[in-house]
Amino acid sequence: MKTKWKIILVSAFFFCGLLGYVYKALAGEKPTVAVVLKDTKSEYWAIIVAGVEKGLKNFGVKGNIYAPNQHNEDQLSILKRVLKEKPDALIFSPVDPPASIPVLKEFKKNHIPVLLVDTPVNWSGQTSFIGTDNPSLGEKAGELLSSMLQPGDKVALISRNSPDNVGKERIQGAKGALHTVGMETVGGNLQVGFADAKVIPVIAQLLKDHPDLKGVFASDDRLALEVIKYVKQKGLNIPVVGADGIIQMLKYHEDGTLKGSVAQNPYDMGYISVQNALKAIKGQRVEKKINSDVDIITADNAKSKIDFIKDILKK
């Protein structure tokens, strides 16, 4: 009986969405999607914005993109304001996933599909999550790093202290992969704050405590870049693997500083989120979880990745 009612409720939700879409289409109006991100200025988020904007153009959707900054509201205030505007769908990347849930519930009450991009929320009411499988990313990073080392070598694991579980999940995946091939890991629970430079005393202490350290996995590229800078200053030859694929990191593959790293696909995240927001507005079926996958970066493909990013960011 419960299953029957669940089917009826889901069907009613999609029917309401379809009616709204048909009404707007007949009136000659484009469906509206609100996009609330963590940031729009840094390179990684600018790439997501580029993907969103391409999706809005290709799929004929009207969209507004918001993000908190020092001169604007915080993210939850933006969400509450956007809710009053009643968009046809919401694409959202939370700064603080647990804190966002009460407001996201209000979107659902108003029959507004919620699609999460990049960062998941532990909430069953989402229409879809579009982004990286973070444990899998960590696993691939661990496998890549282990290919540069020997069984028994010691590897440091460093992540960022944040309300989401992104860094923790990546560290968990990397640790599992490294332990599988007989590597020793240290610093798995070490986390640094949002200020990137704070990783310097962390890696300095790790090297002091473990002078036999042979490699480092950092849960994002900005952390990895600070580690690379430090080990180069110390004249150490230690492979460092990051996780985002930003241009500065990619350039280290071209000059031979790095042998390999993993990269997310933020452009695809943005584009696919708009594509599926429109599906949800139309009442079409949307996958609950869409994996945007990761790429393994080496000297062979770093330049093509750099050229791609530069091209989309200048448009």
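Here is a chat that goes through the labels one by one.

Guide: Before we start, keep in mind that this is a predicted model.

Visitor: Fine. How many helices and strands are there in the protein chain?

Guide: The chain has eleven helices and 13 strands. It runs to 315 residues, and 50% of them count as buried. Among contacts between residues at least 6 apart in sequence, 71% join residues at least 24 apart.

Visitor: Let's take a pair of helices. Why are α3 and α4 called roughly parallel?

Guide: Start with the angle: the axes of α3 (residues 75-85) and α4 (residues 97-109) cross at roughly 5 degrees. Angles under 35 degrees count as roughly parallel, and therefore α3 and α4 get that label. Their axes also come within 10 Å.

Visitor: Which residues meet there?

Guide: From α3 you have Leu76, Leu79, Lys80, Val82 and Leu83, and they meet Ala99, Ser100, Val103, Leu104, Glu106 and Phe107 of α4. Sorted by class, that contact has eight nonpolar, one polar and two charged residues.

Visitor: Why is Asn58 called partly exposed?

Guide: That's the in-between range again: Asn58 has a relative accessible area of 40%, so it is partly exposed. This residue is found in helix α2. Asn58 and Tyr271 are 213 residues apart in sequence, but from C-alpha to C-alpha they are 9.3 Å apart in space.

Visitor: Now for the other end of the scale. How do you know that Met183 is buried?

Guide: Its relative accessible area is 6%. The cut-off for buried is under 20%, so Met183 is buried. The residue's place is in the loop between α6 and β7 (184-186).

Visitor: What is Met183 in contact with?

Guide: Leaving aside neighbours within four places in sequence, its contacts are Ser146, Leu149, Gln150, Pro151, Gly152, Asp153 and Leu178. Take Ser146: that residue and Met183 are 37 residues apart in sequence and 7.6 Å apart in space, C-alpha to C-alpha.

Visitor: What makes Ser292 a buried residue?

Guide: Ser292 has a relative accessible area of 6%. Since buried means under 20%, Ser292 is buried. It sits in the loop between β12 (289-291) and β13 (294-297). Beyond its neighbours within four places in sequence, Ser292 is in contact with Gly131, Thr132, Asn265 and Met269.

Visitor: How many cavities of 30 Å³ or more does a search of the whole structure find?

Guide: One. The largest cavity has a volume of about 40 Å³. What makes something a cavity is that a 1.4 Å probe fits but cannot get out.

Visitor: Which residues line the largest cavity?

Guide: Thr132, Asp133, Ser136, Leu137, Lys140, Asn291, Asp293 and Val294 do. Helix α5 (residues 134-146) gives the most to this lining, with three residues. By class, the lining has two nonpolar, three polar and three charged residues.

Visitor: And what is the volume of the largest pocket?

Guide: About 620 Å³. A pocket, unlike a cavity, is an open set of points.

Visitor: What lines the largest pocket?

Guide: There are 23 lining residues, and Lys38, Trp45, Arg160, Asp220 and Arg222 lie nearest the centre. α2 (43-58) and α6 (166-180) each supply at least two residues of that lining. The classes divide into seven nonpolar, six polar and ten charged.

Notes. Residues are numbered from 1 along each chain as its sequence is written. This is a predicted model: local features need pLDDT of at least 70, side-chain atom pairs count only at pLDDT 80 or more; totals for chains, interfaces and linings use all residues. Side-chain values use heavy atoms; hydrogens and water are left out. On a 1 Å grid over the protein atoms alone, a cavity is a set of points where a 1.4 Å probe fits but cannot get out, and a pocket is an open set with protein on both sides within 12 Å along at least five of seven lines; lining residues have an atom within 4 Å of a point. Grid points are joined across faces, edges and corners, and a volume is the space filled by probe spheres set on the points. Helices (H or I, at least four residues) and strands (E, at least two) are DSSP runs, numbered from the N terminus. Ala, Val, Leu, Ile, Met, Phe, Trp, Tyr, Cys and Pro count as nonpolar, Asp, Glu, Lys and Arg as charged, and the others, Gly among them, as polar. Axes are lines fitted to C-alpha atoms, for helices over the stretch in contact, and angles run from 0 to 180 degrees between N-to-C directions. Angles under 35 degrees count as roughly parallel, over 145 as roughly antiparallel, 65 to 115 as roughly perpendicular and the rest as oblique. Contact means heavy atoms within 4.5 Å. Buried means under 20% relative accessible area, exposed over 50%, partly exposed in between (1.4 Å probe, protein chains only).
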